[in-house]
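Biologist: Can you walk me through this model? I'll ask as we go.

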Amino acid sequence: MKATLTFSVQIFDGIQQLTSLPGGLIGVPYGPITVITDFPAPVTWGLTGLPGVAITPIGPQSATIAGTPTATGIYPSVTVSVNAPTVP
């Protein structure tokens, strides 16, 4: 099993904007934003496309997105992925 969610996030140098996830400020801690799945445990998580922000498991089917953005810009392809074993 595998699923991905792609969304955009915009990081600014002094003002915060909202997109499908909250915008952020460079150098200011971002999150935590909790994500969950109904895939069978154990799952593995991945996050790409947002410099300085990572995804960390917090339970068998949940994780948080958090970190400190390291670069300004518009990030149109931030991807969260979750993988789980195939159910027989």
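**Strands, core and loop**

Modeller: Strand 5 and strand 6 pair in the antiparallel sense, over six bridges. Keep in mind that this is a predicted model.

Biologist: Which residue stands opposite Thr 56 in strand 6?

Modeller: Thr 64 does.

Biologist: What is the strand order in the open sheet of three strands?

Modeller: The order is 3-6-5, and the pairing is antiparallel. Strand 3 and strand 5 are at the edges with a single partner strand each, so one side of each has no neighbour in the sheet. On average, neighbouring strands of this sheet are turned by 25° against each other, direction ignored.

Biologist: Zoom out. How many helices and strands does the chain have?

Modeller: Zero helices and seven strands. Along the sequence the pattern reads β-β-β-β-β-β-β.

Biologist: And what share of the residues is buried?

Modeller: Buried residues are 35% of the 88 in the chain. The accessible surface of the chain is about 5000 Å². Carbon and sulfur atoms account for 61% of that surface.

Biologist: What about contacts across the sequence? What share joins residues at least 24 apart?

Modeller: It's 59%, taken among contacts between residues at least 6 apart in sequence.

Biologist: On to the inside. Which residues touch the most other members of the largest nonpolar core?

Modeller: Trp 45, Ile 55 and Ile 65 do, in a core of 18 residues. Strand 3 (30-36), strand 4 (44-48), strand 5 (53-59), strand 6 (62-67) and strand 7 (73-83) each supply at least two residues of this core.

Biologist: Which strand gives the most to this core?

Modeller: Strand 7, with four residues. As background, nonpolar side chains tend to be buried together in soluble globular proteins.

Biologist: Take Ile 65. What is Ile 65 in contact with, beyond its neighbours within four places in sequence?

Modeller: Its contacts include Tyr 30, Gly 31, Pro 32, Ile 33 and Val 35. Leu 47, Val 53, Ala 54, Ile 55 and Val 80 are also in contact with Ile 65.

Biologist: You mentioned Pro 32. What kind of peptide bond joins Gly 31 and Pro 32?

Modeller: A cis one, with omega about 5°. Pro 32 lies in strand 3.

Biologist: And which kind joins Ala 41 and Pro 42?

Modeller: That peptide bond is cis too, and omega is about 0°. Pro 42 has its place in the loop between strand 3 and strand 4.

Biologist: Val 43, then. Where is Val 43 found?

Modeller: In the loop between strand 3 and strand 4.

Biologist: What is Val 43 in contact with, leaving aside neighbours within four places in sequence?

Modeller: Thr 37, Pro 60, Gln 61, Val 82, Asn 83 and Ala 84. The C-alpha atoms of Val 43 and Pro 57 are separated by 8.9 Å. Those two residues are 14 apart along the chain.

Biologist: Last one, Ser 62. Where does Ser 62 lie, and is Ser 62 buried or exposed?

Modeller: Ser 62 lies in strand 6. Ser 62 is buried, with a relative accessible area of 15%.

Biologist: Which residues is Ser 62 in contact with, neighbours within four places in sequence aside?

Modeller: Val 35, Ile 36, Trp 45 and Pro 57. Trp 45 is also one of the residues that touch the most other members of the largest nonpolar core.

Definitions and conventions: Residues are numbered from 1 along each chain as its sequence is written. This is a predicted model: local features need pLDDT of at least 70, side-chain atom pairs count only at pLDDT 80 or more; totals for chains, interfaces and linings use all residues. Side-chain values use heavy atoms; hydrogens and water are left out. A nonpolar core is a set of buried Ala, Val, Leu, Ile, Met, Phe, Trp, Tyr and Cys residues joined through side-chain atoms within 4.5 Å. Buried means under 20% relative accessible area, exposed over 50%, partly exposed in between (1.4 Å probe, protein chains only). Contact means heavy atoms within 4.5 Å. Two strands pair if DSSP finds at least two bridges between them. Axes are lines fitted to C-alpha atoms, for helices over the stretch in contact, and angles run from 0 to 180 degrees between N-to-C directions. Accessible areas come from the Shrake-Rupley method with a 1.4 Å probe; for residues, only the protein chains shown count as cover.
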